[in-house]
Protein chains: 2
Amino acid sequence: MREVLAKAAFQLFLERGFEQTTVDDIVARAGVGRRSFFRYFPSKEDAVFPDHESCLADMTAFLEAADDAEPVDAVCDAARIVLRMYATNPEFSVQRYRLTQEVPGLRTYELSVVRRYERTMAGYLRRRYADAEDGSLRAEVIAAAVVAAHNNALRSWLRSGGEGDAEAAVDHALELVRNGWGSAAASGDAGADVDDDVVVMVVSKRAPMWRVVQRVESALGQD
Amino acid sequence: MREVLAKAAFQLFLERGFEQTTVDDIVARAGVGRRSFFRYFPSKEDAVFPDHESCLADMTAFLEAADDAEPVDAVCDAARIVLRMYATNPEFSVQRYRLTQEVPGLRTYELSVVRRYERTMAGYLRRRYADAEDGSLRAEVIAAAVVAAHNNALRSWLRSGGEGDAEAAVDHALELVRNGWGSAAASGDAGADVDDDVVVMVVSKRAPMWRVVQRVESALGQD
């Protein structure tokens, strides 16, 4: 029923425009009563993004169980849950992206949804960084960076019409955040001996920090 | 007139609540006609945040003139323009923060405003990083991180009732972003000789990158 309603709604939004479509139009197309619609969707906007609630629930459950993971890795993996929701159905995702671009109300709605993902990630990181200096600050900055990286790659993919490998693009984008903030742990190194831990580096005091980080990574063999 | 309207509106929002106050109430209190209100404010929400438009214009102008600055420093300075708007009038800012917490519509509005600041910063960084690898990605991640850092410090200050030094708190928060992404340039070092540029560092391959960055900063004398 929920899917039938979402599908009917989306068809009508594409045919007539979002603003021009009423809830009455949607229930008529779906062949159900008006109250059925509101049982499943609080508003017309929610019918455009029918999967975000379950995706948020998945992310919350995933992060609640991620106490042993490196924290930045965990939120990057959480972001991938959102990506998969989009990538599973490229045609719908691309059409919806175009619709959202045209309707300010949908963009505002999407902004609120994105903010909820970000808050979910920040809440997890705050918990993991509870004892760290500037834990809350670090949590919010990293969550924002992860969301921005994810959205940059996702938007490029949507703008391209769903061409190419969305997951690879998001992995690449998240890597930028992990390089800045995440664990540099190379998992195969548990038995590395002490010599491996000595790095001699020449760095200019005028180099931007990200370039310094690149040099460190390169020296550590992580690039 | 604009200020008179904003003041009348805000008094009424505090007295009666945001939802319960109509535009008619506001213009009656301000002693002007209804059309005057909409000449200055597209909506009731805009009257709660009367300074964001001019602040956005200030930020845009500031960044347009910031072609010679280190890019991350420039967006950090741009964020400080927003902070000063709040810090100039602590009592109003704190009351408004409390009001915003209570009214979902105002939170959504604020989210859109924050997003516009973020886009302004990202646009500037995209231009500055036009030739850099992953320039657009880097621009959006840094803009999001700067906004998150700024908002973390601003919110703590607002939540505390406007106690303490908001500018120092924001400086501290932005420092975290600059350490990750900005220039590590210590301005007094232009004449540093070559010896100063050699750093010998011992680092565990299992250390998180932010800790490595701390070590590098410490070695470079920038902490």
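**Figure 1. Lining of the second largest pocket in the predicted model.** Nineteen residues line this pocket, and those nearest its centre are Lys7(B), Pro50(B), Asp51(B), Asn89(B) and Phe92(B). Its volume is about 500 Å³. By class, the lining of the second largest pocket is made up of eight nonpolar, six charged and five polar residues.

**Figure 2. Elements of chain B around the second largest pocket.** Two or more lining residues come from each of helix H1 (2-16), helix H6 (71-87) and helix H7 (90-102) of chain B. H1(B) contributes the most, with six residues. Why does the second largest pocket lie between domain 1 and domain 2 of chain B? Domain 1 (2-46) and domain 2 (51-184) both supply residues to the lining, so the pocket is placed between them.

**Figure 3. The largest cavity and its lining in chain A.** The structure holds one cavity of 30 Å³ or more. The space in the largest cavity amounts to about 40 Å³. Its lining consists of Phe49(A), Tyr86(A), Ser93(A), Arg96(A), Tyr97(A), Thr100(A), Glu110(A) and Leu158(A). Helix H7 (residues 90-102) of chain A provides the largest share of this lining, four residues. Sorted by class, the residues lining the largest cavity are four nonpolar, two polar and two charged.

**Figure 4. Residues 22-41 of chain A, annotated in UniProt as "DNA-binding region".** The annotation comes from an unreviewed UniProt entry. How much of the span is helix, and how much is strand? Residues 22-41 of chain A are 75% helix and 0% strand.

**Figure 5. Confidence along chain A, with residues 184-196 in close-up.** The average pLDDT of chain A is 86, and 81% of its residues score at least 70. Over residues 184-196 of chain A, the pLDDT is below 50. In the model, this stretch has 12 contacts beyond near neighbours in sequence.

Terms used
Residues numbered from 1 in each chain as written. Chains lettered and ligands numbered in written order. Predicted model: local features only at pLDDT ≥ 70, side-chain atom pairs only at ≥ 80, totals over all residues. Heavy atoms only, no water. pLDDT = per-residue confidence, 0-100. Contact = heavy atoms within 4.5 Å. UniProt positions renumbered as here; feature names shortened; annotations may be inferred. 1 Å grid on protein atoms, 1.4 Å probe; cavity = no way out; pocket = protein on both sides within 12 Å on 5 of 7 lines; lining within 4 Å. Points joined across faces, edges and corners; volume = space filled by probe spheres on them. Nonpolar A, V, L, I, M, F, W, Y, C, P; charged D, E, K, R; others polar. Domains from an automatic or database assignment.
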